Each structure stands twice: as structure tokens, then as C-alpha cells.
Amino acid sequence: MPTLSPIAPDLLAWFSQNARILPFRQDPTPYHIWVSEIMLQQTRVAAALEYYDRWMKALPTIRDLAECDEEKLHKLWEGLGYYSRVRNLQKAARIVCQEYGGQLPADHKKLLALPGIGDYTAGAIGSIAFHLPVPAVDGNVLRVFSRLYNDDRDIADPKTKKAYTQWVMEHQPPEAPGPYNEALMELGALVCLPNGEPLCDACPLAHLCRARQAGTQNTLPVKKAAKARRIQPVTVLLVKSEQGWLLQRRPDSGLLAGLWQPALFEEELSRQEAADRLASLGISVQLGGPLKPAKHIFSHIEWRMSGWQATAEAAPLPDGYVWADRESLAQQYTLPGAFKAYRPLLETDG
Ligand code: SF4
């Protein structure tokens, strides 16, 4: 495919006029860029800003992050989901403190070797914070290039990503790798919108765009559907005593590692089976009414939850279980978004 005319001059001119003012752009230290990029994976900018602000007040340096207590760390992330991201942030921060004196290395390969930092994040930190000539290709950039080149290859295919990354680099001006990468992402976020709705009339690259010339901008990019998720039935018991709600800590590894949840069993149980399971742990309950069924979608699994409310004596609990009153639910224990459907009940009645 013939190379497109240079896009950088018009793109950068547009970016300098239209870039959103964001706190991590106003003070783009490597740590700020790193945390913001991890937060922005799977989260809208508007929603992430509040978290970002709170995080930087609580953990202003990489060393603060490395030393942060696990419960506090989870609480700072509560509601953002995909908790492996925050655990990896801390793992990487500890390595950075041990190996690099508490400062992220200005080296693409070394960044890539840190937990939770993949091609995209290493590219964003490298180019924006350290001005390295590296690509930062996210979904926005793939969409923009698919349209600029009127290319209908599947953007979920790693081969397509590799080809587009080469195009991205062909256009990257060596003197401004960071602004160029940011501008591409910003164009995708504000103008070259997903789901067949690009705002071509407002686009600084409209005169170069091959999809616009061909009238195919609404059908690109092509993305093959992901594999179907596994359906997992889950039986939940919301058990209340005088001391609060029964919470259980999840294991240290795997899905939602180390977070808290109502008593649950990752299988479909009858009323009696569910009560018997808790009794076998030494927790004797009186079952009440059914819970509203709820579901939660993880990347590869879909939880279909159902269960019952219950009451119990405030008896001593086995290891890994606690009674949590309303205050400790708000301040201490992190309940993942998977239990959002049950949260109002826990909060109003705790
Ligand atoms: S002209 Fe339209 S389709 Fe092409 S890059 Fe701009 S917004 Fe996207």
C-alpha cells in the first residue's frame, strides 16, 4: 500500500489547539503517566480523574506506592475493576525501588520488563515522559489508522497491529514522539470515534483520509468477535449478624485476588446446600428471602449470581471471614464491582 502523505504537521497543530487539559498532561512525570495510563485501561477519562486525584494525594511517589498497605491500595482502586492492574502497579513499584532507586527507567526494554507494563504502556511512558521514539498503539490508534489507510484487516489480529505500528512509526516526527502519540490517541477519543460515528467534518486529517475518500469510514475498523465467555453460576449468601455483614477474603491469587466478597460458592447450590456449606465452615445461618439475580462480566468469564439473604449469631468466624459493619465496609474492606447489585443492601442495612 502506498505511504500516506505526512500526517504529523496537521495532527500536531490540531492537538495543540484541542488537547483536553488533564492533570497528568499538566505535570507529565513518568509516575503520573504510568498511573494514569493504567487507570485509563478499561475506564473512561471522566471516571478516572477522580481516582487519579485521590491516588496522587495518597501515594505521591513510587516509593509510597511500593510501601502501601494492601487493603488501602485496594480501597484506592475500588470501583475501577481489573484489580490485577493495581497489584501489578505495586509489584512494579517495588522493583523500581529495589533496582532503579525509586525512579522509572528511561529505557523502553526495562519498562517492558516491569509487571503490568505491556507494549502500549511502555510506549506511552517512554514517548510522553522520556521523549523516546517509540510507538504507543491502543484501540484508538488502531481505529484511526484502519480508516486513514482504508484498511479492512482485523484489528484484533496481532499481525494487523504490527503492520499499523510500522505505519505509526513512519509518521512519527523524531522531535515530538510524545505529542504525536498523544495526538493520535486524542484524535481517536474525540473525533475519529468508534462504532461508525467519526466526526470527519472536524478532523484535521480529513483531506488525507482514504476511508473518507472511499466513503467506508463507518464500516471500519473490522474487528472479529472475541471468543464466547464461560458462564459460571455463583451462589451468594448475604449473611447479617449484630456485628455487620459476613465477608470472606478471596485467595491471594486468581480472579479478584485478595479482595473481599459476601460468602459465596462458585457453583449453583440449592438453599439447603448453601446453608450446609456454611455450617461445615462453622457458620450457622437462618436463611431468608432470595436475592435478585445479578451478573458480572469479567474478560473471560461471566458470573451469573443468585442466592439468599440470611441471618446468623455474631459468633467467632473461621480464618478469612469477618463481620463488616457499614463503616468498615466504607473505609477498610474492598468489595469489587462484581457485587454492585448487592451493594445498596449492604450499605443501607449494614
Ligand atoms: S476523516 Fe474521519 S475517518 Fe478519517 S481519520 Fe478523520 S475522523 Fe477518522
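This is a predicted model: local features need pLDDT of at least 70, side-chain atom pairs count only at pLDDT 80 or more; totals for chains, interfaces and linings use all residues.
Residues are numbered from 1 along each chain as its sequence is written, and side-chain values use heavy atoms, with hydrogens and water left out.

For C97, the closest cysteine sulfur belongs to C68 and lies 12 Å away, which is too far for a bond. C97 counts as buried at 15% relative accessibility, and C192 is buried as well, with a relative accessible area of 9%; here buried means under 20% relative accessible area, exposed means over 50%, and partly exposed covers the range in between, using a 1.4 Å probe and protein chains only.

Side chains of opposite charge can pair when their charged atoms come close. A search of the whole structure finds 15 salt bridges, each being a side-chain nitrogen of Lys or Arg within 4 Å of a carboxyl oxygen of Asp or Glu. One of them joins R25 to E182, with the closest N and O atoms 2.9 Å apart. This pair links distant parts of the chain, since R25 sits in helix 2 (residues 23-26) and E182 in helix 12 (residues 177-190), 157 residues apart. Helices are DSSP runs of H or I with at least four residues, strands are runs of E with at least two, and both are numbered from the N terminus.

R25 also forms a salt bridge with E186, again with an N to O distance of 2.9 Å. Because R25 lies in helix 2 and E186 in helix 12, this pair ties together parts that are 161 residues apart in sequence. As for accessibility, R25 is partly exposed, with a relative accessible area of 21%, while E182 counts as buried at 15% and E186 is buried at 1%.

Another salt bridge is formed where the side chains of D252 and R249 meet, at 2.9 Å from N to O. D252 is exposed, with a relative accessible area of 61%, and R249 is partly exposed, with a relative accessible area of 25%. Elsewhere, salt bridges that share partners join R20, R25, E182 and E186 into one network.

Note on methods:
A disulfide is a pair of cysteine sulfur atoms within 2.5 Å.
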